[in-house]
Structure formats: structure tokens, C-alpha cells
Amino acid sequence: MQDIPDTLCYLNGEYGSLRDAKVSVLDRGFIFGDGIYEVVPAYAGKLFRFDEHMARLNRSLGKLRIANPHSSEEWLERCRKLIAALTARSGAADQLVYIQITRGVAVRDHVMPADVRPTVFMMCSPMKPPTAEQRHHGVACMTARDFRWERGDIKSISLLGNVLARQMSADHNATETIMFRNGFLTEAAASNVWVVHEGALLGPPKSEHVLEGIRYELIRELCEDIGIAYNLRPIAESDVSSADELLLSSATKEVLPVTSLDGQPVGHGALRGKPGPIYARLFQAYQRAKAAQAL
Ligand SMILES: Cc1ncc(COP(=O)(O)O)c(C=O)c1O
């Protein structure tokens, strides 16, 4: 068994060690995967894009018909307490706060029980950002058919499809599995995917097949600030294979260049197989946004 760190976590109103935290086997998160989660980055102890993460948490809960058990201020207070505890313990400057809410504990029945109290669990871990090597050379990815369910817009804890997809690339020593549904790009197992064509950044439109990453709006703002055209439109497999640049985005990856896809170098000419200029500009802009806006 893996060694579980003895860090502070929050479970249903109590703070305690992650090692000792326990939930009922009848928790609907355990039985059905009936719950949602959020992952909020914190830089130097300050939460990044917290309001946006709270808004998505609310949207996910709404789709599951679970009432939000806490106000934004209460979530903030709990996040801050966990961040401070991990900072004191490990000195980790940059962290990820994980928040999970399940429908709660009930006798097993698919129908949503009426009188049940949601289970709230939170923990904090040191952020493991991409390495300098990955930033410098870019990462390898592979492609696959998107065989997941049709509600990728919900940040559901039912992640089996994403786990299977991610393992395909892990088995090939690649960083992500980039998926296509009916010939069109959706997302990667744990990241959104961006394509650069003739200087413009293209992303798949928001739909029930794609999780609306918090970086969707952030990247739109960054593009506007630094003068890069940003366009959401259906992206065919051929658009991806002929891309000038390919990028991943997520809370941990921020923006990350993909320089090899299914063993073939991404891009053209002198930049073939190398991180490109749009990545470089977005990465710089992202670092400025981190420094400027944190709660
Ligand atoms: C399936 C999936 N898509 C996209 C993302 C990116 O979302 P965000 O930018 O909010 O981290 C994630 C993040 O983990 C994800 O799991």
C-alpha cells in the first residue's frame, strides 16, 4: 500500500490527518461515483482564479441537483486553512487544493435520495508543475477515440473513462491522450487541448463533450491582452495533425507545448518538434497573470 501523507484534511466539518479520514462504504461517491470535484491552484499561498473555480463548482453541483453546502467565503476559509497547514508542514510554495462533494451516505438505490447530507472532503498537496525539461522541449502525446460518456461538461468524480484514456498514454511514456469524437477534437484525459494555425489559437467549442477548463476563459483573456486571435470552433483531426503548434492546459500544466503526437513531430519548418512562439508568449502572459491576480 502507498504511504498516505499525514497532512491536514477537511471532512464534514472536521479537520484531521489525511491518514485517518474515513467515509462510509455507503457513500454515494464510493457506490456510484455520485459527486463532483474541483482542483484549485494556489501560488505562494494565494488561490488563483478562486471565484471561477467556485462558479464551476456551483454549475457542477447544479447539474447533479446537489445544493452547495457552503458559501464562497466558507470555502475560501477552509482552503486557506489547509494551505497554511501544508505550508507550515512542508514549505511547499505552490499547492493544489482538492475539493470533493458527494451526494452523501444512503442505502443503495440509483434514485437520488431526498434527505441526505452531502459529504464534503478537502485536501491540499504540493503542486507538481511540468519540469524545466518538459517546458524546454515540449511533451509527447498520443491520440485516441473519445470513448467516454456524453457529459464531459460535469466535473464528475466518475473518472473511469479518463483514467483508461490517461493510462493509454502512460503505457507509451507519453504525457497525455488527446481524444477525438466523430473525427473532432474534444480534450485530453486531464487537460484541454489548443491548436495553433497561422498565428491564431483555436479550441474546441464548449459542449457536453468537453470540460470547460478554468483556463478556457483565462487563455481567452491572455490572448486578448497580447494580441493573439482566439477562436472556438470544431477542430478536425486533420487540423490537429497539420497544426503549427499544439498546447495542453490545466491547473497544473498551465499551458504546455506538445511537440510530438503519435510519434510524429508537431509543427513545420525550423520549429518542427519544438515549442513554438505562441506557446512562449502565452506562457509568459500566464506567469504575469499569476503574479497579478491571486486571492
Ligand atoms: C478532463 C479535463 N479537461 C480539462 C481540464 C482542465 O481544466 P482546468 O483548466 O480547470 O484545470 C481538466 C483538469 O483536470 C480535466 O480533467
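The legends below walk through several close-up views of a predicted model.

Local features are described only where pLDDT is at least 70, side-chain atom pairs count only at pLDDT 80 or more, and totals for chains, interfaces and linings use all residues. Residues are numbered from 1 along each chain as its sequence is written, and side-chain values use heavy atoms, with hydrogens and water left out.

**View 1. The largest pocket and its lining.** Welcome to the largest pocket, with a volume of about 980 Å³. Of the 40 residues that line this pocket, Y37, K155, A189, A190 and S191 are the closest to its centre. A pocket here is an open set of points on a 1 Å grid over the protein atoms alone, with protein on both sides within 12 Å along at least five of seven lines, and lining residues have an atom within 4 Å of a point. Grid points are joined across faces, edges and corners, and a volume is the space filled by probe spheres set on the points. At least two lining residues come from each of β3 (35–43), α2 (50–64), β5 (95–102), α5 (160–170), β9 (184–188), α6 (214–226) and β13. The largest share, three residues, is supplied by α5. Helices (H or I, at least four residues) and strands (E, at least two) are DSSP runs, numbered from the N terminus. By class, the lining of the largest pocket holds 17 nonpolar, 13 polar and 10 charged residues. In this count, Ala, Val, Leu, Ile, Met, Phe, Trp, Tyr, Cys and Pro are nonpolar, Asp, Glu, Lys and Arg are charged, and the others, Gly among them, are polar.

View 2. How many cavities of 30 Å³ or more does the structure hold? There is one, and about 40 Å³ of space lies in the largest cavity. A cavity is a set of grid points where a 1.4 Å probe fits but cannot get out. Rolling a probe the size of a water molecule over the atoms shows where empty space is left. The residues that line the largest cavity include D244, L247, P257, V266 and K274. Six nonpolar, two polar and three charged residues make up the lining of the largest cavity.

View 3. A salt bridge is a side-chain nitrogen of Lys or Arg within 4 Å of a carboxyl oxygen of Asp or Glu. Buried means under 20% relative accessible area, exposed over 50%, and partly exposed in between (1.4 Å probe, protein chains only).

**View 4. Other salt bridges to look for.** The whole structure has 19 salt bridges. R151 pairs with D153, their closest N and O atoms being 3.0 Å apart; R151 is partly exposed at 26%, while D153 is buried at 14%. R233 and D239 form another such pair, with 3.1 Å between the closest N and O atoms. R233 is partly exposed at 28%, and D239 is buried at 18%. A network of salt bridges links D146, R148, E150, R181 and E187.

**View 5. A nonpolar patch on the surface.** V25, L26, F30, I31 and V105 form this patch, with about 450 Å² of accessible area together. Patches are made of residues with over 30% relative accessible area and no salt bridge, where like charges are joined within 9 Å and nonpolar side chains (Val, Leu, Ile, Met, Phe, Trp, Tyr) within 5 Å. Accessible areas come from the Shrake-Rupley method with a 1.4 Å probe, and for residues only the protein chains shown count as cover. F30 sits in helix α1 (residues 28–32) and is exposed, at 61% relative accessible area.

**View 6. Two residues with positive phi.** Most residues other than glycine have a negative phi. R65, which is not a glycine, has a positive phi of about 60°. R65 lies in the loop between α2 and α3 (72–90) and is exposed, at 68% relative accessibility. E254 also has a positive phi, near 55°. E254 lies in strand β14 and is buried, with a relative accessible area of 5%.
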